[in-house]
Amino acid sequence: MQVPRNQRYRRLLGAATISQVGDWSARLALAALLLEATGSAVWVGAVSAAFVLPWIGLGQLLTAWTERFSRARVMISGDTLRGLIFILLAMIDMPPGLTLVAIVVAASVDPVFEANATSAVIESLSDEDQDTGIQTKQVVSLLAQVAGIGAAGVALRWFSPQQILAVNAVSFFVSASIIASVASRLGQNSAPADRGEVLEGLRLAAAQPDIRAAVGTTMITGFSATTIEAQVVVLASGRPSWTLPLASALIPLGAAVAAGLAPTKGSTSSLIRRSLGLSTAAAITAAILLEIDTALGIVVIGALVGIMFQTTTTGQVVAFRHLPTLGRASVINMLQTLVFLAIAAGGLASGLAIRASNLQTGLQVCVLITLLAWLVPMPPYLPKHGMEGVLEDSGATYARHVKWSGPDR
């Protein structure tokens, strides 16, 4: 994989990567902060939900509102706001409820920043460099998650969550300064889609059994995987110091590897069934390891959770084959909302399930909910090349048009 020789692209990619490292390390630090303050798995699960919540409706509204401003102004303002909020969280001992409010405000920047950063990166590339550039961005994005979570997990051995948050705040200011250096070459946002086109596009998408199957299975497996991801700090509590950073980093790393190996050839039914088979095997294995309850097992569970998230890649392939032309970008945004709603529910449900029973049993029930995805009606078999509107089935092709997997997974 060769990084395009485009200085504006490289600077934007660097800024987005620094911003993501700060964002993901902050998530782990904030989970540790609330666990330390409350001792409750419910509050830890609420942190995961708070980071996802703005993607459900609010992010779409804010993104539409910012379309009247330049991309550079939107991105610089967003990074500056996140940096200031993390400084406040590092310096002020807030009650848990107020801390969650601050997290939601900071996380509200994520969908706006991501939409503008992705658009700016694509616009900076020539047609011949576009596929390679987007592929590089996706790989670097996943590695940024690994670096952010892993660095925070290691740092928590020696530093307090507040100190880590202070360092994270600096990362956002660095990102903003890099964006400012190329601000004059970034374009204006495009006009929003016509409301009538969006509504018609949504109607057509809802009528597609392939899209319904892709979204339904992705929501269920995403919910299940998130229940474990949200409680990784609790699972690693009291374990050897290497447990938390390894388990945390293996979640996005497992997702990156599994996404690269996810099936992309064949009919909708065969694609989804193969993907669900892999996720089901990972979920059952994770449930067994939760029962065994060892530090090494928890690390392996992290990798298994990442594997479960590969259904998102299959969902993107299937959905993009059948997306209507009318209001396509807004329809994709709405599908994202459904997936993020399931992810937010998983974060909240994990804490409630643990409180209702115990740590192991609660998470075992949650992760085995993956099996319900097999009840989603599959569309009838159709040869891939006989379907109207099928596009070339390569990751780079659909990635150029859609980013549906949520917080860079």
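Modeller: The protein chain has 18 helices and zero strands, where helices (H or I, at least four residues) and strands (E, at least two) are DSSP runs numbered from the N terminus. This is a predicted model, in which local features need pLDDT of at least 70 and side-chain atom pairs count only at pLDDT 80 or more, while totals for chains, interfaces and linings use all residues. Residues are numbered from 1 along each chain as its sequence is written, and side-chain values use heavy atoms, leaving out hydrogens and water.

On pLDDT, the predictor's confidence in each residue from 0 to 100, the chain averages 78, and 78% of the residues score at least 70. Residues 383–409 fall below 50, though this stretch has 65 contacts in the model beyond near neighbours in sequence; contact means heavy atoms within 4.5 Å.

Now to α2 itself. Helix α2 covers residues 41–52, twelve in number, and reaches 17 Å from its first C-alpha to its last, close to the 16 Å expected at 1.5 Å a residue. That expected span is 1.5 Å times one less than the number of residues.

How much of α2 is buried? Ten of its twelve residues are, so α2 is largely enclosed by the rest of the structure. Buried means under 20% relative accessible area, exposed over 50%, and partly exposed in between (1.4 Å probe, protein chains only). The buried ones include Val-44, Gly-45, Phe-51 and Val-52. For the chain as a whole, 55% of the 409 residues count as buried.

Glu-229 and Gly-45 are 184 residues apart in sequence, yet their C-alpha atoms are 9.1 Å apart in space. Glu-229 belongs to helix α10 and, at 15% relative accessibility, counts as buried.

While we're in α10, which spans residues 209–229, have a look at Thr-221. Thr-221 is buried, with a relative accessible area of 0%. A polar atom of its side chain lies 3.3 Å from the backbone oxygen of Thr-218. Leaving aside neighbours within four places in sequence, Thr-221 is in contact with Leu-276, Ser-279, Met-308, Thr-311, Thr-370 and Ala-373.

Finally, the wider setting. A nonpolar core is a set of buried Ala, Val, Leu, Ile, Met, Phe, Trp, Tyr and Cys residues joined through side-chain atoms within 4.5 Å. The largest one has 34 residues, and Leu-28, Ile-228 and Leu-235 are among those with the most contacts inside it. Helix α13 (residues 268–292) gives the largest share of this core, six residues. Apart from it lies another core, of 24 residues, including Ile-85 and Ile-164.

Methods: Polar contact = N/O pair within 3.5 Å; in protein donor to acceptor, adjacent residues only side chain to side chain.
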